[in-house]
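Please open the model in your viewer and keep the selection tool at hand. The tour goes stop by stop, saying what to select next and what is there.

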Amino acid sequence: MNNESFLGLLAESPFAGLQEHMSEGDDAVSKLGDFITAVTEDDWRTAAECREQIVELENRADDIKNNIRNNLPKSLFMSVSREDLLGLVMTMDEIPNAAKDISGIMIGRKMAIPKQVKDQFISCSKAAIKAANQASEAVRKVDDMQKSGFGSNDAAALSDLVAHLEQIERENDELEIALRQELFGCEKEYDPIDMMFLYDIINKIGSLADISQTVGHLLVRLVSR
Amino acid sequence: MEIIAQYGQLFIIIGCVVGFFMAWGIGANDVANAMGTSVGSRALTLAQAVLVACIFEFAGAYLAGGEVTSTIRKGIIEVGIISDTPELLVYGMTAALMAAGIWLLIASYFGWPVSTTHSIVGAIVGFAAVGIGVDVVNWGKVASIVASWVVSPLLAGTISFLLFSSVRRLILQSDNPFMSAKRYVPFYMFLAGFTVSMVTFLKGLKHVGLSFTASESVAWSLVFALVIALIGTLLLQRIDDSIKEKNGAMFNGVERVFAVLMVFTACAMAFAHGSNDVANAIGPLAAIVSVVQSGGEIASKSTLPAWVLLIGASGIVIGLVMLGYRVMRTIGTAITELTPSRGFAAELAAAGTVVIASGTGLPISTTHTLVGAVLGVGLARGIGAINLGVVGKIILSWIVTLPVGAGLSILFFFSLKGAFG
């Protein structure tokens, strides 16, 4: 009889939040691209600005993540599995986290990229960023799919997106291997500790692409039923 | 007998007052639920919803409310057993109306989702079983009513599941959803028109002097439904495939096509609600009136006077205009995940189920049927998330309402018996 109670039946759809979160992560990663460009150009002022924005985006993503998580009680009946959804959000949240980590270490150590590997470093990070952008695209697609009731056409479109994402991740892998080889050739010329951290950063950039790929796989799992 | 002769007029006046109050309560609160899916999905503006509700609640109550009214009036109680003491039936029905009305008032105040139907059925069974005797209750009928409370949400859920699945397959997932929507939506309009008119032709209209055979009913319903579909098709022609603002929400062409459909299903829903729920108010009143007017004779054959239906129908409309529109306004401003393509499926399924129940004379809860229908759309993966906690709350209120309605009605029954002797 009470009307709020009846319409209270319809809980807030988790998909809107998902997209919102991913869009913050996407922005943070794109900012990371600007950050890396600034660092390689030795423009620390721009880098510091970018870093600030990344931190802010990461905070916002955290808030959205908590919001999604807190609004997913067990009593919620959803068109997708609750566990899959939570797993996806946790994985998605690693994207802005990685951007924050990478920019933090680089700015903290005023990290200089050896000129021999500079171009390779940039193209490797660009591939990782592209992977994250692609993952964001896939999340948007899932939001659309929800609107059309998870159709088979949509599922096909999503697997295309994810296939493309895998390809980007492979490219990133190859670029990373080449970058490591190049760096191996010239690492003796630089401070060993700096090099240690640079390897760490390369690792983290590589994992950004990995996480993005995992997001794609989790999305496919989420909608397949 | 003497009591009836002595206080007959008074009984009728009291009955009219409490019956009208009950109908007013249904209009003030329950109608908003019936219209909630339309207003909540922004398919109708508040003004449109109130207008649709006024016309179709009235029409439903007046044209198709007879069957359920007769169940409430003489189906639950074996009136033959108490033909020697007809005043007991008058006390009881008055007590039942008072009990249900007051319980609804309390529940509305606290915001509990209780059903008008469950209150009145609980109240009638209560006074009859405790106040008069366990034998006077037609337990077979009561069992079938209670069973219908379980079956109706299930049925509505199944229908809405199928409806939304068909929408998904035929429209949302087609290569050109907008063109498919324009092509297939008139069919759903036809379905809405056919169901409502079929029940009306078969079961209603007798008291307005029209009677149809089954085949005549089918023929007229087909004609009526075709006209509805035709009007709908014409309305759809004005819609283009672009994203536009409507009642404060952004809709693409497909959803705006469904919004037109929802105008029709909203009419069906209001009609269905009127046809089923008016009985909760006037069923007991009809019983009182028939006892008094036949001079104390419990005539189970006497027909339902049209003015009794009118009291119920106008009570609902007045309650709606006085208070119900406010509740609807609240719904219309709340954020909802219900889009017209989903809302229609729930609404049409619920309306169909309720109107069929009305035709078979089963008093069911419109709100519970709608809940079942919304769950059906959710099961078809049409709704992002459904709060099962609310479903639990609704089921709980269902279980609580029966004993409370019964208890209150027993209390009033003995008070009235004491007062009039």
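**Before you start**

This is a predicted model, in which local features need pLDDT of at least 70 and side-chain atom pairs count only at pLDDT 80 or more, whereas totals for chains, interfaces and linings use all residues. Residues are numbered from 1 along each chain as its sequence is written, and chains are lettered from A and ligands numbered from 1 in the order in which they are written.

**Stop 1: chain A as a whole**

Following the chain along its sequence gives the pattern α-α-α-β-α-α-α-α. If you draw a box along the principal axes, the C-alpha atoms of chain A fill roughly 75 × 35 × 25 Å.

Chain A has 225 residues, and 46% of them count as buried. A residue is buried if 20 or more other C-beta atoms lie within 10 Å of its own, exposed if 12 or fewer, and partly exposed in between, with the C-beta atoms placed from the backbone. Two residues are in contact if their C-beta atoms, placed from the backbone in this case too, lie within 7 Å. Among the contacts in chain A with a separation of 6 or more, 86% join residues 24 or more positions apart.

**Stop 2: where chain A touches chain B**

Now show both chains, and look at the place where 27 residues of chain A are in contact with 44 residues of chain B. On the chain A side, the elements that give two or more residues are α1 (3-7), α2 (14-40), β1 (76-78) and α6 (152-186), and α1(A) gives the most, with 5 residues. This side of chain A has 12 nonpolar, 13 polar and 2 charged residues, where Ala, Val, Leu, Ile, Met, Phe, Trp, Tyr, Cys and Pro count as nonpolar, Asp, Glu, Lys and Arg as charged, and the others, Gly among them, as polar.

Next select β1(A) together with strand β3 (residues 385-387) of chain B, for these two pair in the antiparallel sense over 3 bridges; strands pair if DSSP finds at least two bridges between them. Within this pairing, L76(A) stands opposite N387(B).

**Stop 3**

Two packed helices are described by the angle between their axes and the distance between the axes. The axes are lines fitted to C-alpha atoms, for helices over the stretch in contact, and the angles run from 0 to 180 degrees between N-to-C directions.

Select helix α3 (residues 66-75) and helix α9 (residues 253-293) of chain B, whose axes come within 7 Å and cross at roughly 40°. That angle makes α3(B) oblique to α9(B), since angles under 35 degrees count as roughly parallel, over 145 as roughly antiparallel, 65 to 115 as roughly perpendicular and the rest as oblique. Residues to highlight in this contact include V68(B) and I72(B) of α3(B), together with A279(B) and G283(B) of α9(B). By class, the contact of α3(B) with α9(B) has 7 nonpolar, 4 polar and 2 charged residues.

**Stop 4: single residues**

L226(B), in helix α8 (residues 214-236) of chain B, is partly exposed, with 15 other C-beta atoms within 10 Å.

Most residues other than glycine have a negative phi. Select D42(A), which is not a glycine and yet has a positive phi of about 65°. D42(A) lies in the loop between α2 and α3 (44-70) of chain A, and counts as exposed because it has 10 C-beta neighbours inside 10 Å. Finish at R42(B), another residue other than glycine with a positive phi, near 65°. R42(B) lies in the loop between α1 (2-40) and α2 (46-64) of chain B, and with 23 C-beta neighbours inside 10 Å it counts as buried.

Definitions and conventions:
Helices (H or I, at least four residues) and strands (E, at least two) are DSSP runs, numbered from the N terminus.
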